[in-house]
Amino acid sequence: MPSSDLLIRYGGNLPRYTSYPTAAQFDASVGADDSEAWLRAMAPGTPLSLYLHVPFCDALCLFCGCNTSVMRDPAGRTAYGALLMDELRRVAGRLGPDHPVRHVQWGGGTPTTLPPETMRAAMQTIRRLFTIERDAEIAIELDPRHMPDAYPDLLRTLGFNRVSLGVQDLDPAVQTACGRIQSRAQTEDCVRRVRAAGIASVNVDLIYGLPYQTVDGAGETAATVAAALRPDRLAVFGYAHVPWKQKRQALLPESVLPGPAERLAQRARIDAVLRAAGYRAIGLDHYARPGDALTLAAEGGTMRRNFQGYTVDPAPVLIGIGASAISSYPQGMTQNALTAAAYARLMGQGTDTLPVVRGVRRTDDDRLRGAVIERLMCDLRVDPAAIGAHHGVPATWFADAMPGLHQAAADGIVTLDGAMIRMTDAGRPFLRNIAALFDAHRAPPGAARHAGAL
Ligand SMILES: C[S@@+](CC[C@H](N)C(=O)[O-])C[C@H]1O[C@@H](n2cnc3c(N)ncnc32)[C@H](O)[C@@H]1O
């Protein structure tokens, strides 16, 4: 267990570095005109990936940090689906032909809140407008408590081959505090139904650091999930408490939120349980079976990091469709209007406008630092000087990071071997702290813009 000094030194507010620059750098100086230009600049044949965001849930979980809302009216859900299809058409109209798509991801919220016929029409629209490769990964997030009867077979028919289920923690006391009651039977039933329908890959999300969570409880959840569900992959997130951004989190009982040392111990227990169950630890917070494509990519140094987390997707362009969805291009990133209402309003302002409200342009320095941070987050090691040389800058470019790196080496978090930085096993929980040393946009210490690092 690291000393309390260490927990203080490495406990600041940090981004998860799913992109660099991070979303904290987005502003309104980038907008629909930039999307327009960046879409039109894509050379024929450039592969792209699609992300579709459905912000609706059947009920809101108090811990959730995502842009979500409850939409009970089926007509509202159908109307939102129609907007997604319209935005797909507007995007495709700006692209030249021949862009292979290898990854389609539906996230939220809970995308299965779309009526089945709307989901079917949306997938047909995607296949009509884009060239989906035969072995493309088509994935969707599911809420095991609310999976409509028709959905497992529908997903298989539409070509989905990966699902991600939110489980978080199985302890009833934790679930009650979080406003998300989900029995083990419900979760098992959901996995059984998707597997019976022929969907091969199942991912599970767990969270540590929730109210009333304990080391033993978190370990038991991980052991039960590994044994009973046998997921192909797991994501193990540290609960991000950002009540200044996500008001519903203020309803959680803060006095029973585990502190940094307890969170670290919970994380360590889950890690030990999952490794003992045969999973490989990947990047900051993922686990996968030894033969899984993500494991192979992680071991081969080809894994990537994007807004959905770790991925095997190498496409240089990710196009986000729907409210709050983020797109990433070589030139920069853009984000759509954040709420469903604002998104609908912008889509309604013209028949061919793009619903983008903000973003960021990448400078050459952003591209270089982004490459260093991505390799570190994926490989747990990086040679910044080698990447710098590739980008035509001298080794002194990252001199600012050196004092922090030497301190981290003294703390046993990294080893330094020439220019090569390697995270130690004990240092893996502090990966974001090391990435932050290369972040030139970092907010001044104390600025509460991200969740605590631990
Ligand atoms: C976008 S949510 C969708 C989950 C899905 N709709 C469900 O209900 O199971 C994806 C995952 O984000 C994670 N997540 C959401 N809020 C979080 C927070 N504040 N801190 C850490 N992880 C969070 C949860 O593990 C969740 O399963």
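**Entry 1. G108**

I began with G108 and found that, leaving aside neighbours within four places in sequence, G108 is in contact with Y51, H53, V54, C66, T68 and E141. I take contact to mean heavy atoms within 4.5 Å. I note that the model is predicted, that local features need pLDDT of at least 70, that side-chain atom pairs count only at pLDDT 80 or more, and that totals for chains, interfaces and linings use all residues. Residues are numbered from 1 along each chain as its sequence is written, and side-chain values use heavy atoms, with hydrogens and water left out.

I place G108 in strand β4, residues 100-108. Strands here are DSSP runs of E with at least two residues, helices are runs of H or I with at least four, and both are numbered from the N terminus. G108 counts as buried because its relative accessibility is 11%. The classes I use are buried for under 20% relative accessible area, exposed for over 50% and partly exposed in between, with a 1.4 Å probe and protein chains only.

G109 belongs to the loop between β4 and α4 (116-129).

Which residues does the UniProt "binding site" annotation, from an unreviewed entry, cover together with G108? I read Y51, E141 and I326 in that record. UniProt positions are given in the numbering used here, feature names are shortened, and annotations may be inferred rather than shown by experiment.

I located Y51 in strand β1 (residues 48-54). With a relative accessible area of 9%, Y51 is therefore buried. Not counting residues up to four places away in sequence, Y51 touches a set of residues including Q105, W106, G107, G108, Q308 and L318. I also recorded I319, G320, I321 and A325 among the residues that Y51 touches. The side chains of Y51 and H53 make a polar contact at 2.8 Å. A polar contact is a pair of N or O atoms within 3.5 Å; within protein, one must be able to donate a hydrogen and the other to accept it, and residues adjacent in sequence count only if both atoms are side-chain atoms.

**Entry 2. The ligand**

I counted the shell next: 20 residues surround the ligand, and the closest are F63, G108, Q168, R180 and D205. A residue belongs to such a shell if one of its heavy atoms lies within 4 Å of the molecule. By class, I find eight nonpolar, eight polar and four charged residues in the shell. In this classification Ala, Val, Leu, Ile, Met, Phe, Trp, Tyr, Cys and Pro count as nonpolar, Asp, Glu, Lys and Arg as charged, and the others, Gly among them, as polar. At least two shell residues come from each of β5 (131-142), β6 (162-168), β7 (201-208) and β8 (233-238).

An N or O atom in the side chain of R180 is 2.8 Å from a ligand oxygen. A backbone N or O atom of G166 lies 3.2 Å from an oxygen atom of the ligand. For D143, a polar side-chain atom lies 3.5 Å from a ligand oxygen. Taken alone, the ligand exposes 570 Å², of which the protein buries 89%. These areas come from the Shrake-Rupley method with a 1.4 Å probe; for residues, only the protein chains shown count as cover.

**Entry 3. The cysteine sites**

I found a further UniProt "binding site" feature, also from an unreviewed entry, at C57, C61 and C64. C61 lies in the loop between β2 (56-57) and β3 (69-70), and C64 is in the loop between β2 and β3.

Are C61 and C64 buried or exposed? C61 is buried at a relative accessible area of 7%, and C64 counts as buried at 15%. Leaving aside neighbours within four places in sequence, C61 is in contact with R145, C178, G179, R180 and R248.

**Entry 4. Backbone**

Most residues other than glycine have a negative phi, and most peptide bonds are trans. I therefore noted the exceptions that follow.

Q168, which is not a glycine, has a positive phi of about 70°. Q168 lies in strand β6 and counts as buried at 9% relative accessibility. R230, also not a glycine, has a positive phi of about 45°. I place R230 in the loop between α8 (215-229) and β8; R230 is partly exposed, with a relative accessible area of 47%. Lastly, the peptide bond from Y20 to P21 is cis, with omega near -5°, and P21 is found in the loop between α1 (4-9) and α2 (32-40).
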